[in-house]
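Biologist: I am new to this structure and would like to learn how to read it. Could we go through it together, one feature at a time?

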Protein chains: 2
Amino acid sequence: MIQFSINRSLFIQALNATKRAISSKNAIPVLSTIKIQVNPSDITLTGSNGQISIENTIPVSNENAGLLISSTGAILLEANFFINIISSLPDVSLDFKEIEQHQVVLTSGKSEITLKGKDVEQYPRLQEVSTDNPLVLETKLLKSIISETAFAASTQESRPILTGVHLTLKDHKDFKAVATDSHRMSQRLLTLDKAATDFDVVIPSRSLREFTSVFTDEIETVEIFFSPSQILFRSEHISFYTRLLEGNYPDTDRLLMNQFETEAVFNTQSLRHAMERAHLISNATQNGTVKLEIAENAITAHVNSPEVGKVNEELETVEKAGSDLTISFNPTYLIEALKALKSETVRIRFVSPVRPFTLTPGDDQEGFVQLITPVRTN
Amino acid sequence: MIQFSINRSLFIQALNATKRAISSKNAIPVLSTIKIQVNPSDITLTGSNGQISIENTIPVSNENAGLLISSTGAILLEANFFINIISSLPDVSLDFKEIEQHQVVLTSGKSEITLKGKDVEQYPRLQEVSTDNPLVLETKLLKSIISETAFAASTQESRPILTGVHLTLKDHKDFKAVATDSHRMSQRLLTLDKAATDFDVVIPSRSLREFTSVFTDEIETVEIFFSPSQILFRSEHISFYTRLLEGNYPDTDRLLMNQFETEAVFNTQSLRHAMERAHLISNATQNGTVKLEIAENAITAHVNSPEVGKVNEELETVEKAGSDLTISFNPTYLIEALKALKSETVRIRFVSPVRPFTLTPGDDQEGFVQLITPVRTN
C-alpha cells in the first residue's frame, strides 16, 4: 500500500498541470478522478477527459520534490477535492499513506485528513501511441504556430472537422498548419531543419490550447508521436495525448490568390484599436459590419447604427497602392487576426469587395497568411 | 448644447466610480443611463439603481482634469456603452459636443464617434437630504466598521430588516454598528470624539459594500447626513445616497453574555486555515458542521463524512482556561468571523454546547465582539 512524502508546493504544481485534462462534470464519473501511480523511483499523475490525457511524472531524482517513496501502489482520488485538500494543508511537506484498501491519510503539520479513494482498476487504459521516430520541435515554435492558427478554427459542431487545426508534413520537410471556420482562415508554413516522416492529421483546437497551458516555456523541446487516432506530445516529465478528428479536411490552398487590386500597410496595434471601437457600434447594427473606404487620399472606417450612433475614423497607413475600393466585413475577424500577428505592421491585400482579403506580417516574414471573407452589403 | 474637452483617463475614472450605482439590467430602463450635467464650472455625473445613487463632480479647478467647458447642458447616455466607447478612444484628451437634440459627437485623435442620448427630463429626481448638522467620520474608520459588520447581515429576503446593518448613536457619543443573520452576529462599539445628533437607522449591507468601493482611501473624511428614508455620505466631490430599510431592528444586546465556562486564545490565521480544511470535508456532510473538543491537554477539531473522509487536527492555542467542552458549529461562520478580525490572536469564550460563543480580538482591543450560534448534533 502506497506510502511517500513529498514537498507540498511541488506536488500541487504537478497536480494542477494534470488537472487541466480533468473535467469535474465528466459524464463518466471515474474521469473526474486523478490517478496516482507510485513506482519505486517516481510518481506518475494521470488525468483524462476522454479527449485529452495528461501524464505527469515526478522522479525521486528531482531534488525540489523532496520525494521519499516507502511503498508503491496506485489509487484514484476525486481530482478537484484532493487538490483543494492538499492546497489547504499547513506544512511544507506532506505524508501520503494508504491505510486500508482505497483510503489514504494525509498528514502535514498537526493536520491529519483521511480521504476515500477508488480502485485503480476502474480507470480506463490510455490508448498506446508507439514512441519511435518522433518529430522534434521547439516548444516555443510549436506554441507560436498554435497561437497563430487555433483561434481561426470553428467553435460550431455543425462541421466537426473545422473545429480542428490541420497539420501536414509533405516531402519530409514542408510543414503546414491551417485552420478555418469558413469565414476566415489562418495558415502557417514552415520548412523543417531536419527531415521527418510525413503526416496529415486534424487536431481539435481546444486540445492545442490546453497543450499551450501545460507545456510551460521552461520546456525547451517537444517530441511528437503519431498514431492513427491519437497524437502524443512528450517532454521529459509530461506526456500529453489528444484524440484526432476523423474526416477529410477541406482543400484550403485554392482560397489563396496571387493577384491583388489594392494593397495597404497599417500599424497593427492602431488598426486593431480602431476596429475595437468600430466593433462597439457595429455590434448594435443588424449585419454587424464595418465599412472600409480606400480612396485616393485616405483610408477611412465607417459604422452606422440607426439605434446607437456611428463611427467615422481615418486609419493611419504606412503604405498604400492600387485602386480605390469599398469593402464591408465583420470587425471581430480582423481584430482576432491582428491579435495573432506579432509584427509591428500588417499588409492587407484586396481583390474586390466580394472576394476574401489577405493579411500578412508587414515585415514580410514568410509563411504566415490569413484570409477574411467580406460581407456583401448594399 | 453641451461642449467640453477633458482628460480622457480622469474622465474614465469618474465614470467608473459613478457606474457602481448603475445596473445594466435595471427594470427601469432610464436607470441604465448615466446623467451628464455640464455646469459653468464643473461636470456632475449621476448614476442610480433606485436603491443607491452616486453623484460625482469634476470641477474645472481640478488641474488633472484638463477640463474646458465651452457650453453647458445635460444629457443621458447608456452607461456601459458610453464608458466602453470612451475607454476605447485613442487620444489623451476627448472633445464632447452635442450636435443636435440628444446626439453627441466624441472626438479623440482621428476617431469621431456619434452617439444617441436621451432627454435628461426622463431622469428621476434624487430625493433630497437636508445637508446640515453632519456626522463627520474618518473614511478609514467607517470602512473598517463596515468590513467588521456588513458580512454578518443576512442575504435572504425572508426577513428584509436583517439584510441591513443597524447603526445607532445614543447620548450623542455612543456609536454602535451591528449586523446579524440570526446564526451569527457582529457588533462594533465606538465612542465619538465629538458629540453629534442621535440616530437609529438600518442601512442595506449591499449599499455599505458599494460605499467601500466608491470612497477610496485618499478621501480622508466623510460627512454623513440623515433623512427619514435616506442617508447621504459626502466627500468633496462624491455624494453617495442610499435608501434605508424600514422596520424595527431586533434587540441584539440580550444575546451578549458576561459569564463564560471555557475560554481559549488562538492564532487567528492558523485557526482560520484549520477551519478552511475542516470546511472542505464538512461541506460533504449532512449537517455541515465541525466538532471542537476542548480537553485538558489539547483542543482538537474533527469532521467525519462517511462518503468523503475525515479531518482530525490539533489546534494551536495561545491560552486556555475553564472546563472541558465539546461543541459543533458551521465552520463557514467561524472562517468569516476570523476574516473580519485584524488582530493576530482571537479570544473565544464558550458558555455551553448549546449557547452562542463569542469572539473578541486577542489584544483586548475594546468594542468589537462577534457571536456564533452552535448546531445541536445527535
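Biologist: In what order do the nine strands of the open sheet stand?

Modeller: A word on conventions: this is a predicted model, in which local features need pLDDT of at least 70 and side-chain atom pairs count only at pLDDT 80 or more, while totals for chains, interfaces and linings use all residues. Residues are numbered from 1 along each chain as its sequence is written, chains are lettered from A and ligands numbered from 1 in the order in which they are written, and side-chain values use heavy atoms, without hydrogens and water. In general, strands of a sheet pair through backbone hydrogen bonds, either parallel or antiparallel. Here the order is E5(A)-E1(A)-E7(A)-E8(A)-E9(A)-E21(B)-E20(B)-E19(B)-E23(B), with antiparallel pairing; strands are DSSP runs of at least two residues (E), helices of at least four (H or I), numbered from the N terminus, and two strands pair if DSSP finds at least two bridges between them.

Biologist: Which strands stand at the edges?

Modeller: Strand E5 (68-71) of chain A and strand E23 (325-329) of chain B each have a single partner strand, so one side of each lacks a neighbour in the sheet.

Biologist: Over how many bridges do E9 of chain A and E21 of chain B pair?

Modeller: They pair over five bridges, and A:Leu115 has B:Gly309 as its bridge partner in E21(B).

Biologist: How much area is buried between chain A and chain B?

Modeller: The size of an interface is often given as the accessible area lost when the parts come together. Here about 2400 Å² is buried, 55% of it from carbon and sulfur atoms (accessible area with a 1.4 Å probe, summed over both parts). In chain A, A:Lys110, A:Arg277 and A:Leu280 lose the most area to chain B, together 25% of what that side buries.

Notes. Buried area is the accessible area (1.4 Å probe) that two parts lose on being put together, summed over both.
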